[in-house]
Amino acid sequence: MQEQVRPRVEERPPARAPGEAPERPGRGPTDWWGGWRWGFTSLLIIAGIAAALRIYQGIFTFPWGLDSSTWQFFWLWRMLVVVELVGVGIFTVLWWGWLLRSARDLPERFSHREEVRRIAVFWSLIGATSVNIYFEASFFPNQDGAFHQTLVRDTAFTVSHIPMFYLFFPLGITLAVGTYLYGRTRLPAVYGPWKGFPWSFFLLISATVTEMMQVAMNEWGHSINFANAGAEEFFSVWFHWPFVLYGWLAGGIFALWGETILRLTAIEDDIVKEEAEVPSPETAPV
Amino acid sequence: MKRRFALSLLGTLVALVAVAIGSTTASAHGERAQESFIRMESVAFWDVKFSSTNIKQGEDLTLTGTAKLLETWPNNLSGGNPNVCYFTVVEPGAQFVLKDRVINGAQAPQSIFCHKGGTYEFSMTLTGRSPGNWHVHPAVAVEQAGTIIGPGTWVQVNEAAGGFSYPIKLLNGQTVDLESYGQWLIVGFSLLTFVLGLAWMIMWTWTRPTITRLAVTNQLPLNQDGGDAVGLITRQDHRNTAIIAGATAVLVIVGFTISAFAFPGRIPQQTDWVTPPTFEAPATIADASLSSAVWDPSTQVLTMTAQIKNTGKSQVTLTAFRTAYLTFVNPTARSPESGEYQMTATPAGTIDPGQTQTIEIKLPGSVLQQEELLPVGKAQMSVAGVLEVTDALGTRNMNTVQASLTPTAT
Amino acid sequence: MAQAAIDIRAGELRQQVFRKYRFIDRKWDFMFWFTAAFVVAAAADITRLLFAGDWDFWTDWKDRQWWMTITPFATIIIPSALQYIQWRAWRMPTGATYTATCVFVASWVGRVVQWKYFVNYPINFVWPATWIPAGILIDFLLLQSRSFIITSVIGAGIWTLTFWASNYLMLAPFLQPTNFIGHTVTVADVQGITYIRAQTPEYIRVIERGSLRTFLQEPQYVALAFGTTLAVGGYWIGQFIGRYLAVWPILRYLKQV
């Protein structure tokens with residue numbers, strides 16, 4: 001988080017920057033199928049994955065999810081862990097790679113309209129992160145408490161742990177870091193590299209990373225019965241509390257909204273100033 | 001056309017997979033991952049019987065048996081001194097309901113006080129609740145130790161006309177269906193509160209923009225909103241919020257008062273732990289101990305050397321060895337029942353009164369390995385269980401035995 | 001003169017409140033409220049689940065002594081954080097109600113989809129407590145007092161009492177006595193005994209057991225009082241989250257702009 005003093009980026013681009021494609025009807029920066037498109041498609045994708053996993057659990061848990069020593073458990077559940085981790089890994093490499101590679105081809109100067117569109121996409125990515133956090137911290141934890149009433153826990157890879165810890169937890173890291181990469185490469189005025197690493201992202205990314213690390217402590221606690229705390233399924237057991245404390249770090253997500261709102265109002269102020277200086281409609285910047 | 005073909009192919013694949021794994025014998029509930037020496041040394045089960053394995057919703061089945069907290073109870077569980085137990089059933093969710101529990105002849109609704117060396121004859125009455133094929137085990141949960149699972153079996157619950165209902169009679173004479181009692185109050189009142197919450201949120205968010213207020217609030221001290229002059233919060237807002245807050249307070253006060261009068265005679269949740277009567281042990285007819293236990297991985301046999309002294313008045317026979325939820329029967333004494341296994345006991349035959357006999361017992365390693373009950377390579381390598389000795393009159397003694405495990409190779 | 005200056009300033013601010021923007025339309029507001037609902041619900045739910053979940057999962061844990069000692073603390077934290085954020089950013093007294101409403105939806109989805117339909121516990125056994133009346137009243141208090149200190153001290157008491165009253169009225173039917181397995185117990189106890197919980201042996205319930213100092217039927221009130229003081233602490237933990245994890249990074253960013 002080094003603070004580097006740099007001169008403010010000159011931001012008086014013409015109406016449409018060179019290389020910017022002409023706008024299609026309904027695909028404007030704040031149209032639902034324009035800048036906001038990823039807002040609901042990402043939500044549907046993540047919810048769809050969660051729904052698919054929940055249906056899978058509904059079919060294959062009883063009885064093959066109850067005894068981790070069986071071959072059925074190996075193929076239906078342990079292999080699912082592999083599929084999830086590999087899947088998230090592939091998505092991470094592809095997406096982050098695309099974000100960084102395509103950034104090189106972006107024009108240096110872009111219009112206010114384009115920047116607004118990018119902020120809308122950025123908010124959509126925050127939304128995806130938010131939805132992911134819901135599945136990792138509410139939907140599947142509810143199942144965890146419920147499912148562990150049906151068997152004696154005999155592995156770290158229980159049916160309820162598998163989507164929660166081994167898909168949505170790592171996906172949270174992917175989404176948080178990916179959102180940062182998007183901000184860094186597409187919103188230089190807010191998250192450009194010369195501004196140093198933002199505290200808002202530091203907190204949000206820390207939340208996702210520490211949650212992943214906490215999985216190890218959780219399994220340790222359940223396996224050793226330290227201070228008689230691992231033998232029973234007491235949901236409020238002390239070694240669950242770090243999940244909560246790390247989760248609070250995700251409060252940094254509000255700062256992302258705050259920072260980009262301030263940038264939006266700054267853009268609007270710039271537009272007003274520019275229109276006051278150049279009142280002619282033909283040359284008014286948009 | 002192509003899409004239909006692809007869907008049919010997918011459906012066929014799913015069906016094939018389901019059939020392939022359908023013929024499963026997955027029957028455990030996680031007990032195999034519990035340390036073997038702990039399962040052997042903590043609780044032994046015997047005579048576990050299910051009165052039926054095919055019932056309808058609403059029909060009962062009774063699960064009976066005996067569980068003993070062995071004298072070999074591990075020191076690292078419950079501080080070596082178990083004293084609170086809960087006899088329960090391990091089944092996948094609330095597919096059955098438990099309607100009665102009797103321990104050593106006394107009804108025990110909740111936990112019981114237990115002790116190391118205690119023998120507990122249990123009888124639990126279950127009623128089928130959800131249609132399906134469910135694996136069911138009796139189990140003993142011991143405070144600060146965990147749940148030790150007994151032998152289980154599959155129970156088929158068939159659908160009954162009219163489904164499942166669960167009438168219970170309150171002390172005031174009213175009969176209610178436990179499946180749905182109070183549900184409409186819970187759902188209805190909760191929804192009412194949700195409506196109030198929505199009203200509050202809509203009131204604030206529908207009538208005015210949100211995010212652009214940040215530019216203004218950044219210029220105001222934290223405890224100021226500028227009043228009607230600025231327009232962030234108006235007199236109308238104060239009035240509307242007072243109405244919603246007032247309605248909320250009235251709803252809670254009135255609801256609480258009505259509920260308190262509608263359900264009189266309330267008592268707090270109960271902690272009704274009983275000390276069951278002492279198990280009436282049969283007359284002592286034999287003492288038994290193990291002097292060695294040798295595991296030979298090349299022959300896959302566990303060989304135990306036992307000393308049995310007949311302290312009774314008639315001849316006795318070694319009839320079985322029981323450990324955790326497994327039973328190994330001496331085939332020269334009786335035939336194994338369903339779910340039991342065989343051992344060999346040499347020499348075969350009876351032991352006369354006053355005589356001490358050394359018997360070599362061989363157990364099939366494949367069974368022990370399948371159940372992960374061979375503690376080779378574990379933190380404690382020992383075997384334990386009960387030796388069942390029976391006399392001519394049918395009197396049985398269950399003698400707790402333990403010996404260090406010596407593998408010929410690891 | 002001073003009043004005129006104040007009026008002019010108020011007028012300028014008012015213009016900004018009602019300003020029309022080129023690109024910032026109501027969709028931004030919708031996207032904020034809608035997408036934030038997920039993370040707010042998640043934060044509130046996980047805090048409640050892992051600090052006080054057992055008392056919230058089961059009717060036979062909602063006792064006189066422990067339920068209202070622990071639950072107000074666990075449940076006030078995130079509403080307090082959101083109160084700060086939403087008052088500071090929008091001057092809206094909506095943080096607690098917003099949190100309570102979001103977590104209401106998340107709780108019911110969780111209990112119905114997972115507890116009822118996955119493992120088959122009846123909803124009248126595993127219903128979640130509602131925080132909404134408590135949230136509305138402390139939001140109202142913040143609006144009237146404009147003070148987080150007053151809201152923490154008096155609000156914690158309002159939160160605890162309202163939380164208890166609004167959920168106790170739903171619990172009341174289950175505290176009626178009945179005879180079951182030869183003993184007199186509550187309907188809630190029957191639910192706990194009869195709906196088999198393989199890994200919740202009855203003895204792990206952390207509920208009132210009675211003692212030589214159970215103070216003549218006062219455990220409920222002692223619990224409410226202590227629950228209130230713990231909730232004050234919980235409120236300030238929430239304030240820390242709101243001030244230093246959510247808002248402070250924005251102030252740092254502002255310094256760089």
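Guide: C:Asn120 sits in the loop between helix H4 (95-116) and helix H5 (123-126) of chain C. Keep in mind that this is a predicted model.

Visitor: What makes the phi of C:Asn120 worth a remark?
Guide: Phi of C:Asn120 is near 75°. That is a positive value, and the residue is not glycine.

Visitor: Which loop holds B:Ala324?
Guide: B:Ala324 is in the loop between strand S16 (316-323) and strand S17 (326-329) of chain B. Its phi is positive too, near 50°.

Visitor: Why is B:Ala324 called buried?
Guide: Its relative accessible area is 3%. Buried means under 20%, so B:Ala324 qualifies.

Visitor: And B:Leu214, why is that residue called buried?
Guide: B:Leu214 has a relative accessible area of 7%. The limit is under 20%, so B:Leu214 is buried. B:Leu214 belongs to helix H4 (residues 214-217) of chain B. Leaving aside neighbours within four places in sequence, its contacts include A:Ile261, A:Leu262 and C:Trp90.

Visitor: Why is C:Phe34 called partly exposed?
Guide: The value for C:Phe34 is 34%. Buried is under 20% and exposed is over 50%, so 34% falls in between. C:Phe34 lies in helix H2 of chain C.

Visitor: Which residues make the nonpolar surface patch?
Guide: A:Trp32, A:Trp33, A:Phe40, A:Leu44, C:Phe30 and C:Phe34 make a patch of about 580 Å². Helix H1 (37-60) of chain A and helix H2 (26-57) of chain C each give two or more residues to the patch.

Visitor: How do you know that B:Asp225 and C:Arg146 form a salt bridge?
Guide: Their side chains meet at 2.1 Å, N to O. The cut-off is within 4 Å, so the pair passes. Across the interface of chain C and chain B, the rule finds one salt bridge.

Visitor: How many residue pairs are in polar contact across the interface of chain C and chain B?
Guide: The rule finds 48, with both residues at pLDDT 80 or more.

Visitor: What area do chain C and chain B bury between them?
Guide: About 8700 Å², with 65% of it on carbon and sulfur atoms. C:Arg91, C:Ile196 and C:Tyr203 supply 10% of the area that chain C buries against chain B, more than any other three residues. The contact takes 94 residues from chain C and 103 residues from chain B.

Visitor: Which bond from A:Phe62 is cis?
Guide: The peptide bond to A:Pro63, with omega near 10°. A:Pro63 is in the loop between H1 and helix H2 (71-104) of chain A.

Notes
Residues numbered from 1 in each chain as written. Chains lettered and ligands numbered in written order. Predicted model: local features only at pLDDT ≥ 70, side-chain atom pairs only at ≥ 80, totals over all residues. Heavy atoms only, no water. Patch = residues over 30% accessible without salt bridge, like charges linked within 9 Å, V, L, I, M, F, W, Y side chains within 5 Å. Areas by Shrake-Rupley, 256 points an atom, 1.4 Å probe, with all protein chains shown as cover. Helix = DSSP H or I, 4+ residues; strand = E, 2+ residues; numbered from the N terminus. Buried < 20%, exposed > 50% of the residue type's maximum accessible area, 1.4 Å probe, protein only. Contact = heavy atoms within 4.5 Å. Buried area = accessible area lost by both parts, 1.4 Å probe. Polar contact = N/O pair within 3.5 Å; in protein donor to acceptor, adjacent residues only side chain to side chain.
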